Amino acid sequence: MRDIKFALPPAVQKILSTLHTAGFDGYIVGGAVRDVLLDKPVKDWDFTTNATPEQIQKLFPDSFYDNQFGTVGIAGKHLNDKENPEAVYEITTYRSEGLYTDHRRPDSVTWGKTVEEDLQRRDFTINAMALGENKIIDPYHGQDDIKNHVIRAVGDPSMRFQEDALRMMRAVRIGAQLGFAVEQLTIAAITQNAHLLEHISWERIRDEFLKILVSDYPEEGIQLLASTNLLKHILPELLECRGVQQAHHHIYDVWTHTLKAVNTCPSKDPIVRLAVLLHDIAKPLTADTSSGTVTFYNHEVLGARVARKVAERFRLSKKDIQRVFMLVRWHMFVYDPKVTDAYIRRFIRRVGVEYISDMIALRVADRVGSGATATSWRLEEMQKRIEGQLQKTFSMNDMAIDGNDLMKEFGLRPGPEVGKLLKMLFKDVVEHPEHNTKEYLMEKAKKLL
Ligand code: ATP
Ligand code: MG
C-alpha cells in the first residue's frame, strides 16, 4: 500500500473522524479518491460507511436524507467549511446491487456489509477505491491504473456494460477528461456492446457527449467513439465526413478538420463546441466534383438543418437548438474592407449580439483546424468594426429591458431612480454587449438597488 499523506480539507477529515469516533467505518469513495490521488480539485465528496442512514443522520444533525438513493447529504456551511460553504458532502451506506435487466439500472439495491462489496459495483478501477483516515482500500489496483493512465472496467468488462450501457460513454468521457487510455479488453467489450446504448436516454448520452466535447482531449474522445461504434448510434452523420477530401488550402479531409477544429476551439461552452463539431456536417451531402475541383455550395444552409435535427435528438433546450442552428447557418461569413457598415450591422443582427463572440470562437476553431493561424488581419479588422457598430448602434432603446420592466420587477414608481438605474445598466451594456439580456440586466439591477 502506498504511503498516504494527503492533505484532506478539514470538513472531510471531520466527517471521517465523526464516523470513526462513533465506531463506524468511513471512507471517501469513487471519483473523489481518484481526484485526490491525481491532485485535482474535488467537486463532490462522496463517502461510504457501514452506518445506516438513520445512524448517519444522528451523527450529523443538520444533514438531509434523500430517500431515493439512500444518501445523506451535509452542506459545507454546517461543517464550518469556510472555503467551500456551497459544497455538498454525501454519505451513502455500503450498497450492493442486484441484477440489471434493462441495461441501465439495477433491479434492486440492498445495503452491503463491506466496503469491498460497495467497490465491486463501481465502474472503473480508478473509481473503485476507498480512502479512510489512514488506509486506502484498492482491490482492483486503481492506483496502478492511475499511475499508468488507464481506464479499466472493474470485473468482466462485457458484463459490466451489459448491466449499464452508459458506462461505455463514461469510459470514453473520463478518458478524454483525464487524458487516459482505455484498456484493450475494455475497448473490445465496448465495441461488442455498443448497440446497447439504445437503452439509454438521449439526455444521459448527451450529457456524456458534451463533456467529451469540452474535455481536454475531444479529438481522441470522438475518435474512440467512432472506432468502438458508439458514434454510429449517437451521430452517424459525422461518420460520413470521413474521407471527404477538400480542395484549395485544406490539408485535411472533413472529418479530421472537424475534430481538429473542436480540439482548438477557444470556447469551452458545450453548445459552441457542438456547433464547431457540426459546422461542416453537410459537406458530404453537398460535395460536387463536376467542375474538376470539389465544391460544397450551400453546405451551411443544409448543415444548419442537420445541426438542428441533431440538437433536437440531443433534447437540447429551444434556445440552444436555435443557437446551434444559427452558428452553423452563418459560419461562412466573409469580410472585405470594402463592406459597408450596414453589412456589419446585418451580420450582428443575424447572429445576435450575445453570440458574436461564439461565432468568432467558431471561426478561430475553423481556421486553426485547417492548419491556419488563429486570426488574420481581416478577422481582426472585422471584429473592430463589429465593436464600433455595437457602440454606435446602441441607444437605450436597444437594451433588452426598459423602465417598465424595472418598475414592475422591483415595485418602483416612475421617477429619477428608474432613470438612474437604466443609465448604469446601459453603461455596462455598451462595454459588454453580451450583457444585453433580460436575465443578466435584471440580476444586475437587483444588485444595484
Ligand atoms: P465526475 O463527478 O468528475 O463526473 P465521478 O467519477 O465522480 O466523475 P459520478 O457520476 O459523480 O462520477 O459518480 C461517482 C462514483 O460513482 C464514480 O466514481 C463511480 O465509482 C460510481 N459510478 C457512477 N456512475 C456509475 C455507473 N454508471 N456504474 C457504476 N459505478 C458508477
Ligand atoms: Mg463525482
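1. Basis of the model. The model is predicted, with local features requiring pLDDT of at least 70 and side-chain atom pairs counting only at pLDDT 80 or more, while totals for chains, interfaces and linings use all residues. Residues are numbered from 1 along each chain as its sequence is written, chains are lettered from A and ligands numbered from 1 in the order of writing, and side-chain values use heavy atoms, with hydrogens and water left out.

2. Domains. The protein chain is assigned domain 1 (2-139), domain 2 (149-234), domain 3 (236-392) and domain 4 (396-448), the bounds coming from an automatic or database domain assignment. Between the C-alpha centres of domain 2 and domain 4 the distance is 46 Å.

3. The largest pocket. Its volume is about 1,700 Å³, and of its 46 lining residues G31, D46, R122, D123 and R170 lie nearest the centre. A pocket here is an open set of points on a 1 Å grid over the protein atoms alone, where a 1.4 Å probe fits, with protein on both sides within 12 Å along at least five of seven lines, and lining residues have an atom within 4 Å of a point; the points are joined across faces, edges and corners, and the volume is the space filled by probe spheres set on them.

4. What lines the largest pocket. Domain 1 and domain 2 each contribute at least three residues to the lining. Helix 7 (166-178) is among the elements that supply at least two residues, as are helix 2 (31-37), strand 2 (45-49), strand 5 (88-93) and helix 9 (202-213), and the largest share, 7 residues, comes from helix 7. Helices (H or I, at least four residues) and strands (E, at least two) are DSSP runs numbered from the N terminus. By class the lining has 22 charged, 13 nonpolar and 11 polar residues, where Asp, Glu, Lys and Arg count as charged, Ala, Val, Leu, Ile, Met, Phe, Trp, Tyr, Cys and Pro as nonpolar, and the others, Gly among them, as polar.

5. The second largest pocket. This pocket has a volume of about 750 Å³ and is lined by 28 residues, with H249, H250, K283, M332 and D366 nearest its centre. Helix 16 (299-313), helix 19 (356-368) and helix 20 (377-393) each provide at least two lining residues, and the lining comprises 11 nonpolar, 10 polar and 7 charged residues.

6. A crossing is right-handed if the near helix is turned clockwise from the far one by less than a right angle, and left-handed if anticlockwise.

7. Helix 14 (residues 270-278) and helix 17 (residues 318-329) pack at about 45° with axes 9 Å apart, which makes helix 14 oblique to helix 17, in a right-handed crossing. The axes of helix 13 (residues 254-264) and helix 19 come within 7 Å and cross at roughly 130°, so these helices are likewise oblique to each other, and helix 13 also passes helix 19 in a right-handed crossing.

8. H141, a residue other than glycine, has a positive phi near 60° and is placed in the loop between strand 9 (136-137) and helix 5 (142-148). N298, which is not a glycine, has a positive phi of about 60° and lies in the loop between helix 15 (283-286) and helix 16.

Terms used. Axes are lines fitted to C-alpha atoms, for helices over the stretch in contact, and angles run from 0 to 180 degrees between N-to-C directions. Angles under 35 degrees count as roughly parallel, over 145 as roughly antiparallel, 65 to 115 as roughly perpendicular and the rest as oblique.
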